[in-house]
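Work through the following exercises with the sequence and the coordinates at hand.

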Amino acid sequence: MTETTTAPPSRFHAAAAEGADWTAATAACASRLGDVRGCTLGFLYITEALAPHAAGIVTMMRSLTGIHDWIGTVGLGVMAGEGRAGEEEEFFDRPAVAALAVRLPPDSFRLFPAVSGDMTPLRRAAGAWLDRRRPTLAIVHADPRTMNLPETIALLGDTTGAFVVGGMSSAREDNFIQFAVPASTATMDMGPVTGGTDGVGVSGLLLGEGADVATGLTQGCTPIGPARTITEANENIIIAIDGRPALEVFKEDIGELLARDLQRVAGYIFAGLGVPGSDTGDYLVRDLVAIDPRKGWIAVAEHVDAGQPVRFTRRDKPSAETDLRRMLTGLKRRLSGPPKGAVYVSCIARGPNQFGQGREIAIIREELGAIPLAGFFASGEISHARLYGYTGVLTVFL
């Protein structure tokens, strides 16, 4: 008599559950994931109300699912699901747990604890793997309190050679918790990681051969007016554009109606600053923080330099949806097959605040199908080892 066994399922799984009782919410989330045999990695996102219980939630998920490698963070909002009819997938300002179970070859990825400037913890956690593997992508979570965070993210990319994507934790209090808990860690001394007034840095996941992924970035804005050049600047103040007073050019680009009432541009018009060295026309969207009508100057929420490209942009619901669909269409063209699952990091100013409850994820599903997806709403997004705002960063597994 020959004994037969059933092969473990190959697909990914995503689920979410809400509730003030963290043990009940975690148990419900694990149960809704279903049969995760064969899954080797978990993404876990929790809302701020459950942040004090992060260690218990991770430990419980490991026990209930049998998945030992987990990464994640806290957000004001989280998301997860598989696109089933009537399934709620976005949870904002409510206690909730969201998870994605991923099946990857065990040697195709490595987790690393928080790094901040010094890459020693990364080498200690993944050095042997890095010596024989060339990572293609890093999915990271960052503490927004970290000093010199942009430099740390750039150094991480330079050190590993990976394309770095992810997002910054979001919370109203100092609950910027991250976790990167590898199977080899029997205790929680590598996560959750938090503490310190300057933040703990960046933690996450390196993906190499055997983990096929693709990423896309949506800016959520539509450029208005022509591409221009900053010709005079002082720190974050744009003094002149194309050799003319900055405010004069700004008014010309935004149109007569808005130019007559500049108070209306707040939260609607932004500065798109060209990324130095980019050959794709990439730009960083930054807030306008002040306008000086007397001097004709514009202050933005970013250091600017003479010679830097600038293009003013409009941000509203139609612009955001148009750009999201543009990104998804371009991403589909690059895929070698149907995606198995996805991780999505969206700005806290997007989601229900811009698209309406559940609409942002619905658009992703309209373009990519009902794939398992999980993610969170961030206080800043990361793509190509750069910090962005008002954006969405999607990573799909193939």
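**Exercise 1.** Determine in which helix L258 lies, and decide whether L258 is buried or exposed.

*Solution.* L258 belongs to helix α6, residues 256-259, where helices (H or I, at least four residues) and strands (E, at least two) are DSSP runs numbered from the N terminus. The relative accessible area of L258 is 10%, so the residue is buried; the term buried stands for under 20% relative accessible area, exposed for over 50%, and partly exposed for what lies in between, with a 1.4 Å probe and protein chains only. Once neighbours within four places in sequence are left aside, L258 is in contact with R264, V265, Y268 and I269, contact meaning heavy atoms within 4.5 Å. For the pair L258 and I269, the separation is 11 residues in sequence and 9.7 Å in space, C-alpha to C-alpha.

The model is a predicted one, in which local features need pLDDT of at least 70 and side-chain atom pairs count only at pLDDT 80 or more, whereas totals for chains, interfaces and linings use all residues. Residues are numbered from 1 along each chain as its sequence is written, and side-chain values use heavy atoms, with hydrogens and water left out.

**Exercise 2.** List which residues of helix α5 are buried, and explain how they are placed around the axis.

*Solution.* In α5, which spans residues 246-254, the buried residues are A246, L247, V249, F250, D253 and I254. Because these residues cover an arc of only 160° around the axis, they are on the same side of α5; the arc is that of the directions from the helix axis to the C-beta atoms. After α5 comes G255, whose phi is positive, near 100°.

**Exercise 3.** Describe how helices α1 and α2 pack, and state which residues meet.

*Solution.* Helix α1 (residues 22-33) and helix α2 (residues 54-65) pack at an angle of about 35°, and their axes are 10 Å apart; axes are lines fitted to C-alpha atoms, for helices over the stretch in contact, and angles run from 0 to 180 degrees between N-to-C directions. On the α1 side, W22, T23, T26, A27, C29, A30 and L33 take part, and they meet G56, I57, M60, M61, L64 and T65 in α2. Sorted by class, this contact has nine nonpolar, four polar and no charged residues.

**Exercise 4.** Identify the residues with the most contacts inside the largest nonpolar core, and list the contacts of F43.

*Solution.* The largest nonpolar core has 35 residues, and F43, L205, L207 and F397 are those with the most contacts inside it; such a core is a set of buried Ala, Val, Leu, Ile, Met, Phe, Trp, Tyr and Cys residues joined through side-chain atoms within 4.5 Å. Strand β6, residues 96-102, gives the most to this core, with four residues. Neighbours within four places in sequence aside, F43 is in contact with W70, I71, A98, A99, L100, V102, I139, L205, V343 and F397. Apart from this core lies another, of 25 residues, among them L44, M61, I67 and W70.

**Exercise 5.** Locate P144 and N148, and classify the accessibility of each.

*Solution.* P144 lies in the loop between β8 and α4, and N148 is also placed in the loop between β8 (137-142) and α4 (149-160). P144 is partly exposed, with a relative accessible area of 29%, whereas N148 is exposed, with 51%. Finally, phi of N148 is near 55°, a positive value in a residue other than glycine.

Note on methods. Nonpolar A, V, L, I, M, F, W, Y, C, P; charged D, E, K, R; others polar.
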